[in-house]
2 protein chains.
Amino acid sequence: MRRDWWKWGDPKEIKHINDYPKVKAFVEERWKTHLREDFFPPKTFELPVISDKKKEQIRNIFASIYPKKISFSEDDRLFVSLGKSYYDVIRIFNGAGFISPDVVIQPTTHEEIQYILTQAHANNVHIIPFGGGTNVVGALSMDNIAGRPEIKCTVDLRNYKRMVKLDTENLTATFEAGILGPELEKILQSKGYTLGHFPQSFEYSTLGGWIVTRGAGQESTYYGKMEDLVEHVKVATPVGTLESNAFSHDASGINVLPFFVGSEGTLGIVTEATIKIKKLPKNYRWIVALFPTFQDGTNYLKTLAQSGVKPSVVRLSDANETNLYSKMSSGHETPGVLNDLKKEAQKLLLQWKNLTEPCVLIMRFPQGDISVSSQVIYAKTLVEKHKGMLAPNTIGDKWAESRFKLPYLRDTLVEHSIYIDTMETMVQWKDVPKLHQALTRELHKSAAFNKSKGIFLAHISHIYPNAACMYFTLITPMLRGREIEQWQELKDLVTNTIMQHNGSVSHHHSVGLDHQKWYKKYTDSLALEVLRSVKQKLDPKGIMNPGKLFS
Amino acid sequence: MRRDWWKWGDPKEIKHINDYPKVKAFVEERWKTHLREDFFPPKTFELPVISDKKKEQIRNIFASIYPKKISFSEDDRLFVSLGKSYYDVIRIFNGAGFISPDVVIQPTTHEEIQYILTQAHANNVHIIPFGGGTNVVGALSMDNIAGRPEIKCTVDLRNYKRMVKLDTENLTATFEAGILGPELEKILQSKGYTLGHFPQSFEYSTLGGWIVTRGAGQESTYYGKMEDLVEHVKVATPVGTLESNAFSHDASGINVLPFFVGSEGTLGIVTEATIKIKKLPKNYRWIVALFPTFQDGTNYLKTLAQSGVKPSVVRLSDANETNLYSKMSSGHETPGVLNDLKKEAQKLLLQWKNLTEPCVLIMRFPQGDISVSSQVIYAKTLVEKHKGMLAPNTIGDKWAESRFKLPYLRDTLVEHSIYIDTMETMVQWKDVPKLHQALTRELHKSAAFNKSKGIFLAHISHIYPNAACMYFTLITPMLRGREIEQWQELKDLVTNTIMQHNGSVSHHHSVGLDHQKWYKKYTDSLALEVLRSVKQKLDPKGIMNPGKLFS
């Protein structure tokens, strides 16, 4: 178990590289190499020993917490030390470069959480809230804690996860923040409802984590991002508990709700949230289409978004991703997506002789929505006007089957000395093709990326009338011995290019430590001061997730 | 002109009571009286004289502002002294009880506004921002200014109203905040777009006013409230200019945008706003229906909202309002709405013998939206399931003709010693009928309302999956000599009853001075402290719209 504690997800789901034969073949052919499992994390980690005296001190500070909820074990401290970014994984493989908390507390009530923060405030204990631990931009990293606090405490919310209230008359539900995606959806779906928030991390991330990172799910174009889905929050802060106004939409002055959606644990811990739920769709309608260029597909999606059409799932892959996706989706030598599509396309070969690098779009619409039929009809009609062609829907179901599985592959690749990272941004429609081209160009100049071997994949994952979320995957041979420099160089290259094209710091991954230097430039300096004044009010000693955001 | 400066709107549109013959007849019959024009404002107002020395002092403070933009005239000072609430009008009729500014400045650039605030901050000048002056809850009242500041300055934004940018590719537009509704829509509609924000005050209210009050328009169920329609703001504050993040939807930390949407001028002046625009609908589809009870109509609208159907206009009147609305809509002895409906209903008389107090619902759908047909079909089908009956659409057009005209009637009624006030709230669906019944009950106990003469009208004006906006109109004989006590008693009665039924302080009128005592109870006390810390940062001397909100 120790060997794999850092890996994604369910140990039974972890696959060997041979379970991805087409990916393996693709990479080996392109890189003219044989992939070997040659990169391993250390068997043990040397965490600082917590002395009995310090344990006693910590137990005294949190004297009202039931002792079994307080853990000093190395396993527990290790588990909450990092998130799931490439940088996190590399540091684990290097067995160094990260800081662990001294203690992990698992509260089960709001009152306990408030007590922990009150005591931490009185005793200058630094607090790192922990939900599912799936963040990929360093939200859990403690690197930036200034002045080496005496005690670093992770508040692990995974046992704080009851449903407080289900209000089917007004379509809201109130949950404790530590509930995981599947637990929340199981409760709601058993009653015929859904939140509709399905990030790739869905199986291992929590409601509270989604809120404080302003997360988006794979279906957020229809259901909305977390900033749209929260009606009310209750928050424990170092100076006490507060609640936002009863309604997210009214005219009762300034609502503090948005101060906490995106606060990344810096102001307190969101403990209870009332979320807007929807009736569970009976079924889904898929649209799959191919476009001759990424630009054509982008124009199509812009028109769709500006016509008020709201698919839940939207994924327009560029030519590279379409190509690799096709290989990957063929789990055990079953025909890949493009094969399916090409068979179909042969019928139309004459019209499609120029379609050498097709871009695939998959969209899903929730059946049961009154207007889904007219939206689907319109969306299908529009495909041809944008030089696209409709394709069989079968790959939709294939995507749905594997929608949460990609993180497993990342871990396997890293073990084979392959760098793989993902980045994303919100960008206006006019900047979508420019950013795509600029990134391709800049990556080709980068030694860390390795033009001849590096694989750059892009897709549009969310659409709005004014903008889209672009999602990028970078794969290239790992520079062994210089893993962190390689990661930082590529992170810098991609994020700088995003910034030059007016992209946001993040559309749904959040800021964390990894984006902080861009965040501080991206956000207006007086706005940062305003945020610091809020921080000063709620967390005057700076104990909450120190070093993050505007700190 | 002086005689009518306080009246609503265009002097040419002002009507005599005889222009509302059915309203007149209805009231006279019910009150067994003859309405007489017997209440007049004073011919002159005794504003404090601004000495030449003080004028010189003020001109020196704002030395960089072109002198013609600075006015000390009594007319200009009077015009910006108050908004358009019943309480405001009564104080004007009483010729007393309100405070006027010493000076009115009309800036025309962001830089000028920033300069004014910077100078005001340095010289302790109190600033009241003025948009269209249509607020109905005392947002402009200076009653609450503590410590009698030496100089009170109104910043009148009505000459600051250019379009900065129209971005049709990304469907956004940037305007200066002082632009009036018709000016803004004229520009957008000439290019084929609309903001879709049409409050009753549309003709005389400004973009900036809509934003800082979190306003809603008559079509906001479809287009969204102002908190949904703003993508970005630029704000002048006493300590400098700030801008919100580029996107309203992303994961780049806490966005300060919502701090200013609803700030009611307490933090600074929103100078430029980028708003989300939509394609102008080609036409509209109307649905008009009658329901046997308000509860049936409410259930219908709840089902509709929870099915994702979004009409732009929604107006479900209770039985009282349906009855009076019928009389009022018949401008010059043309048949009223109910007459139209009753003719139609005669065909269905047997089924409808219990329909003695019908409640009318009018809904409008923007034609051109992809899904409008399926929404209209669904909405029509659903009417019968909720015991309703479809009615002729003609009254829809009648409503549209007079949609901005009601405020004129208010002024005419006041001149005939009639109390008339409107109040509104956001309330969960489960509380809608309870609140309606409780208000009816409480008003009947109130001497100020006068059970035998008082007219209480209610309608649902906006629908959400979890809640509705309820809008109330109260009409009763004015208690001459006790006008303000009567107003306060009824305001207290209605707002206390709203609070007891979990309603919000306001859905779209905002807080102002009139709601402040409830606002301070409604908003969490630690949340108020957070807001005060933001105020302290941006306006450390408390010069911005002093005494409002959390002050």
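Modeller: Gladly! Let us begin with a pair of strands: β3(A) and β4 (residues 151–156) of chain A pair in the parallel sense. Strands here are DSSP runs of E with at least two residues, helices are runs of H or I with at least four, and both are numbered from the N terminus. Two strands pair if DSSP finds at least two bridges between them. This is a predicted model, where local features need pLDDT of at least 70, side-chain atom pairs count only at pLDDT 80 or more, and totals for chains, interfaces and linings use all residues. Residues are numbered from 1 along each chain as its sequence is written, while chains are lettered from A and ligands numbered from 1 in the order in which they are written.

Biologist: What is the strand order of the open sheet of 4 strands in chain A?

Modeller: The pairing in this sheet is mixed. Its edge strands, each pairing on one side only, are β1 (70–71) and β3 (125–130) of chain A. The order is β1-β2-β4-β3.

Biologist: Which helix packs on the sheet, touching β2, β3 and β4 of chain A?

Modeller: Its direction makes about 150° with that of β3(A), where angles run from 0 to 180 degrees between N-to-C directions and axes are lines fitted to C-alpha atoms, for helices over the stretch in contact. Residues are in contact if their C-beta atoms, placed from the backbone, lie within 7 Å. The helix is α5 (residues 110–123) of chain A.

Biologist: Which residue in the turn between β5(A) and β6(A) has a positive phi?

Modeller: Strands β5 (residues 163–167) and β6 (residues 172–176) of chain A run antiparallel, joined by 4 bridges, and L166(A) stands opposite A173(A). They form a hairpin with 4 residues between them. The residue with a positive phi, about 55°, is L171(A).

Biologist: How many charged residues are in the contact of α11(A) with α14(A)?

Modeller: These helices pack at an angle of about 145°, with their axes 10 Å apart. Y300(A), T303(A) and L304(A) of α11(A) meet A379(A), L382(A) and V383(A) of α14(A). Ala, Val, Leu, Ile, Met, Phe, Trp, Tyr, Cys and Pro count as nonpolar, Asp, Glu, Lys and Arg as charged, and the others, Gly among them, as polar. The contact has 5 nonpolar residues, 1 polar and, for charged, none.

Biologist: Why is chain A said to be as compact as a globular protein of that length?

Modeller: Chain A has 20 helices and 18 strands. The globule rule is 2.2 Å times the number of residues to the power 0.38, and the radius of gyration is taken over C-alpha atoms. For 551 residues the rule gives 24 Å, so chain A counts as that compact because its own radius of gyration is close to this, at 24 Å.

Biologist: Which element gives the most to the side of chain A that touches chain B?

Modeller: The contact takes 74 residues from chain A and 74 residues from chain B. On the side of chain A, they divide into 28 nonpolar, 32 polar and 14 charged. Elements supplying at least two residues each include β16 (418–428) and α14 (372–385) of chain A. The most, 10 residues, comes from α20(A).

How values were computed
Two residues are in contact if their C-beta atoms, placed from the backbone, lie within 7 Å.
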